[in-house]
Amino acid sequence: MTRDEYEDAAAWFKHCGFTCPPAAELHRGGIVGIATIIDIVTEMDSPWFFGPKGLVVADARSVEFIPVGGRLGFFDWRELLPFAKGDGPVPPAKWMLPQDAKPSRPRPAGSQGSLL
């Protein structure tokens, strides 16, 4: 997820009356909930519908995070479990982390850093 994608999503959440969690707190790279698809519609009176087609879901609920790589479209996530990377969500990108409140200490004149 890029910063622009996060900001677009956060703006959409706000438009719909919700608060988007900070980017670093979002679970990514896995499944966070399940639902049953009960219909496909081409119009609906809902702030979440932005067409041309939408899925109507029922019994939506959160689940314990399941780390699997995502794909576009429908897929059987259970097939991906043997290949799942890591034990949890994808770590946050550097831009997602809170900025350090303390200013960095200036280096003494003429000092060189070291590479590790």
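Predicted model: local features only at pLDDT ≥ 70, side-chain atom pairs only at ≥ 80, totals over all residues.
A strand, as I use the word in these notes, is a DSSP run of E of at least two residues, numbered from the N terminus. With that settled, I looked up Ile40 and found it in strand β1.

**Entry 1: the overall layout**

I started with the elements. The protein has 1 helix and 2 strands. Reading from the N terminus, I get the order α-β-β. Then I asked how much of the protein is buried: of its 116 residues, 14% are.

**Entry 2: the helix and its charges**

Next I went to helix α1, which covers residues 3-15 and holds Asp8. Is Asp8 buried or exposed? Its relative accessibility is 57%, and the cut-off for exposed is over 50%, so Asp8 counts as exposed.

**Entry 3: the cysteines**

How many disulfides does a search of the whole structure find? The search comes back with 0.

**Entry 4: the nonpolar patch**

Back to Ile40, this time for its surroundings. Ile40 belongs to a nonpolar patch on the surface, along with Ile37, Leu55, Val57 and Phe74. Together these residues have about 540 Å² of accessible area. Which elements give two or more residues to the nonpolar patch? They are β1 (30-41) and β2 (54-67). As for Ile40 on its own, I noted 56% relative accessibility; over 50% is exposed, so Ile40 counts as exposed.

I stayed in strand β1 for one more residue, Val32. Its relative accessibility is 41%, which lies between the 20% and 50% cut-offs, so Val32 counts as partly exposed. Then I looked at the spacing between Val32 and Glu64. These two are 32 residues apart along the chain. What separates their C-alpha atoms in the model? I wrote down 6.5 Å.

Asp8 in helix α1 is exposed. Ile40 in strand β1 is exposed. Val32, also placed in strand β1, is partly exposed.

Note on methods: Residues numbered from 1 in each chain as written. Heavy atoms only, no water. Helix = DSSP H or I, 4+ residues; strand = E, 2+ residues; numbered from the N terminus. Buried < 20%, exposed > 50% of the residue type's maximum accessible area, 1.4 Å probe, protein only. Disulfide = S-S within 2.5 Å. Patch = residues over 30% accessible without salt bridge, like charges linked within 9 Å, V, L, I, M, F, W, Y side chains within 5 Å. Areas by Shrake-Rupley, 256 points an atom, 1.4 Å probe, with all protein chains shown as cover. Salt bridge = Lys/Arg side-chain N within 4 Å of Asp/Glu carboxyl O.
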